[in-house]
Amino acid sequence: MNSETVFAEKTCTVAIVGGGTAGLAVASQLKRLSIEKVVVIERENEVGGVPRNCDHYPFGLREYSRFLKGSAYAKRNKKLAKELGVELLTNTTVTKIRPNATLELLSKTERILLKADRVVLTTGVRESSRSQRLIGGDRPNGVITTGALQTMVYMSRFKPFQRPIIIGSELVSFSAIQTCAHLGIKPVAMIEEQDQVRVRKLFRPYLFIKNIPLYLSVSNIRINGDTSVESIKFKNSRGLEHEIETDGVIISGRFRPETQLLLDSHIEIDAGTSGPAIDQHGRCTDTSFYATGNILGHAESSGFCWHEGIETAKRIHEDLLGKGFSGNQMSHLRCDDPAVKFLIPQHLSSPYGSMSMARFYIGLNSPINREIVIKTNLDVIWKGKIKSRPLRRLQIPIPNLP
Amino acid sequence: MPSNKHDIAIVGAGVVGCALARRLTLDGASVIVLEKAYDVLDGASKGNSAILHTGFDAPSGSLELDCIKSGYNEYLEVSESLSLPILKSGALVLAWDSEQLKVLPKLIEKAHENGIFNVRPLDREEILRREPELSRELLGGFEVPGEYIIDPWASANAYIGQAVENGANLWRGVEVLSGNFEQNYWTLETSTEKVYSRYLINCGGLYGDLLDERLIKKKNFTITPRKGQFVIFDKAASSLVSSTVLPIPTATTKGVVICRTIFGNLLVGPTAEDQESRRNIATDSSTLVKLCKKGSTIIPKLENYDITSSYAGLRPATQYSDYQIHHKTEMAYLTVGGIRSTGLSAALGIANYVSKMLSEMGFQFSPQKNPKLPEVDKLSEYHERDWQIPGADGVVCHCEMVTKREIERVINGPIPPQTIQGLKRRTRVAMGRCQGFYCSAELAKITNGKLKIPLICNE
Ligand SMILES: Cc1cc2nc3c(=O)[nH]c(=O)nc-3n(C[C@H](O)[C@H](O)[C@H](O)COP(=O)(O)OP(=O)(O)OC[C@H]3O[C@@H](n4cnc5c(N)ncnc54)[C@H](O)[C@@H]3O)c2cc1C
Ligand SMILES: Cc1cc2nc3c(=O)[nH]c(=O)nc-3n(C[C@H](O)[C@H](O)[C@H](O)COP(=O)(O)OP(=O)(O)OC[C@H]3O[C@@H](n4cnc5c(N)ncnc54)[C@H](O)[C@@H]3O)c2cc1C
């Protein structure tokens, strides 16, 4: 675009894109393993990621063996990283990724070209917007995602509405209720396009306690209102028009990996997860790049992402020492069952190497109760029966390979 | 005679009113623009396909064709000085069945008749070579190299910006209720104070007929709003096609287009749905689904791409196919209405036409010698953006890479936006993939106390 751009050139050993849970976990672990120069690049003015805006429990059980609020947890993660000597570059956006572990950065004052030995992508997820969900109707103010709601409420004490409707019934939708309660906002209903809530069934009584009616199998959702939301209309499970008065809409869940950077890069994106395709070591199709945390597209809890980050750091350490997995021959992993939406990792590198992810993650489109086969073009890697409805994701141990 | 009298009052700050305000101000008239919405571009001009049309398919011999052609030429002329971005995409008009294939020669002939001589037929293979992602169902088509993509809002903002910079008054949130022409001047009753002018122009767009009734007690035409819904795909999808893909136009519509936007996305739309309401720009989820399907029959790979946003716009259609420009000389009154589906391209041409008309009627002024230029930010993905220039003070909207400096410049500018939609149209903030997931809170903070309709409930 602009050929005369002047970049300040910098170098480091490992550059981490995104200072959320996963990024800080990777960085801290790399320092523990004595990696020299570890830099976390975060576009917000603070590291911490999504938990920073979560004034609710539970966070930190696995990492610190105690119940923490998200905000306190994020602070701890930051403190740990600092103490271990991680360099935190905040207010700095990664604007482009280039081959061979090279990043273009934009800080408040300058543009930087950062050359690293390895890069880790940990940019997390965001919720699908109203448009992505093809929700029709007017375009008043007061239609926001849970993420936006949380930031508004916790960071700025803004109150976008009083009696909103929640669209979606995932974990995050339930956390929206908590967020609302914080400011005395009372949701008037939860509506879901599927025929079941998207969390374990034990959550349903919570709605009952909170006196929030639940509508399942709704379709043709329409938002009405001129400048602010007035009502929401939809077809209910029996196909009848239903209208609920409300002054706001929370669009919750349907997480999508934050892959803006990957879209115009040389790195492969997986159609199933919409995140980067990785091999069993967590490497992208340019093997100087790793990816971990929610960017992989499985929408996990923070504790899970932390743990994954630690494991990824260990593998990067091995990689930098030149041990373990020298092989760069990637073969594509497949599972042809129509109920399977995604499979992580998407590739298998050979030779297999000692250090690798312990599990496959499988996402489902629809309920399943049959045998599935995971294979490369040459070999069957795993075979077994799965019985599940489409929740968050399933885990299968990755078997030992020759 | 009241002392605060203007030469010309323009009712309506859509793209047409804005272009007229600029032209007549530069001509030397003292101009006041009255807009009932809190911001400019809140009517028909709010949502369109943003194509700078050549007029290749306009009715031959129509006023519309004349205005499109002169508007097109002036647009290219002023684009540099007004900082208006252009994406020189060119267009392909494509036939997908044998009936459509038969119509092509006639359309090419018409284009030539309209003076667009570089329109020429292309065979199927040539088209597929240029646009390899198009469906193989394609039968043939022709190219219109001069159809370009522009920023639908920056243009009108630049027109009104230049008008204001050079002395025009813009009153927003002021509705014209009625008017009286006596002793050779107009007295307008508005929702706020009275306004006086020697001449009055109705650029009421979707309300043009109602405004005629209010002001001259006569309807020149009847508006039947025609809704067009759009789906905007993620930026990644913009690599699927480089030309604008047009269908064979029909009598009522140009049909569903697939084109890139100047902001780097890919657009599919619009539909054409007649309706009563002049306000209702609601989208309908089943129609949006249909548009997505339509898109992927033309470009199969589109199926794999995410949607960034969806919206609808209303065309001020009348019972006539041509523009409705009527003057009532004895009342110093002009209606510029029924600018249906080409107003963005034709606005500057319409303004020239009206300027000439006024001067022929004896409204002559002394043109401004060195008119000032407004400051306009280029928001085009295909040009340098503010964040790429040092000192941007951080990025607020990460999806569209909108800087704090840009937002503050607009908020503190000569025509500060008064609604979040106005701010979005002028900066692109929150218009990207996340639609505010990350920046809503920051935006609420930055705009607190500055918008007529705040983002938050008052505490
Ligand atoms: C509303 C909500 C409630 C939740 N509640 C809980 C809960 O109660 N308990 C729990 O365990 N988990 C909860 N989670 C999940 C938890 O937040 C995630 O698992 C965790 O944050 C994932 O970490 P991450 O590092 O992958 O991504 P994130 O935390 O999202 O971090 C990504 C970081 O990358 C940065 N970034 C992105 N792009 C760029 C770029 N180009 N340049 C620089 N920086 C960039 C972002 O600013 C962000 O800071 C919740 C999530 C949400 C949305
Ligand atoms: C779906 C769609 C796609 C299109 N695509 C293209 C394209 O690709 N290229 C192209 O060239 N054109 C396109 N157009 C056409 C173009 O958008 C219109 O021709 C143009 O916007 C008309 O502008 P206008 O100024 O006449 O009307 P408007 O934008 O409606 O402006 C009229 C203004 O008058 C104000 N007003 C009304 N009554 C009063 C009152 N009593 N007092 C004060 N103010 C009042 C209104 O609030 C409004 O702001 C498209 C249109 C649509 C809907």
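Predicted model: local features only at pLDDT ≥ 70, side-chain atom pairs only at ≥ 80, totals over all residues.
Colleague: In which sense do β6(A) and strand β18 of chain A pair?

Modeller: Strands here are DSSP runs (E, at least two residues) and helices are H or I runs of at least four, numbered from the N terminus. Two strands pair if DSSP finds at least two bridges between them. L121(A) stands opposite A291(A) in β18(A). β6(A) and β18(A), residues 289-291, share 3 bridges, and their sense is parallel.

Colleague: What kind of model is this?

Modeller: Residues are numbered from 1 along each chain as its sequence is written, while chains are lettered from A and ligands numbered from 1 in the order in which they are written.

Colleague: How many residues of strand β6 of chain A are buried?

Modeller: Buried means under 20% relative accessible area, exposed over 50%, and partly exposed in between, with a 1.4 Å probe and protein chains only. Strand β6(A) spans residues 111-121 and is mostly covered. Of its 11 residues, the buried count is 9.

Colleague: How many bridges join β1(A) and β6(A)?

Modeller: One bridge pair is A15(A) with V119(A) in β6(A). The two strands pair in the parallel sense, and their bridges number 9.

Colleague: Which residue in β6(A) is the bridge partner of T102(A)?

Modeller: Strand β5(A), residues 102-106, pairs with β6(A) in the antiparallel sense over 5 bridges. The two form a hairpin with 4 residues between them. The partner of T102(A) is K115(A).

Colleague: Which residues cover both faces of strand β2 of chain A?

Modeller: In a regular strand the side chains alternate between the two faces of the sheet. In β2(A), residues 38-41, both faces are covered and these four are buried: on one side V38(A) and V40(A), on the other V39(A) and I41(A).

Colleague: Which residue in β3(A) is the bridge partner of V40(A)?

Modeller: β2(A) also pairs with strand β3(A), residues 87-89, in the parallel sense over 3 bridges. The partner of V40(A) there is L88(A).

Colleague: Why do β3 and β4 of chain B each have one side without a neighbour in the sheet?

Modeller: The open sheet has the order β3-β8-β4 (chain B), with antiparallel pairing. β3 (51-52) and β4 (86-87) of chain B stand at the edges, so each has a single partner strand.

Colleague: How much of ligand 2 does the protein bury?

Modeller: A polar contact to the ligand is a pair of N or O atoms within 3.5 Å. Backbone N or O atoms of K36(B) and S49(B) each lie 3.1 Å from a nitrogen atom of ligand 2, and one of L344(B) lies 3.1 Å from an oxygen atom. Accessible areas come from the Shrake-Rupley method with a 1.4 Å probe. Taken alone, ligand 2 exposes 1000 Å², of which the protein buries 98%.

Methods. Heavy atoms only, no water. Polar contact = N/O pair within 3.5 Å; in protein donor to acceptor, adjacent residues only side chain to side chain.
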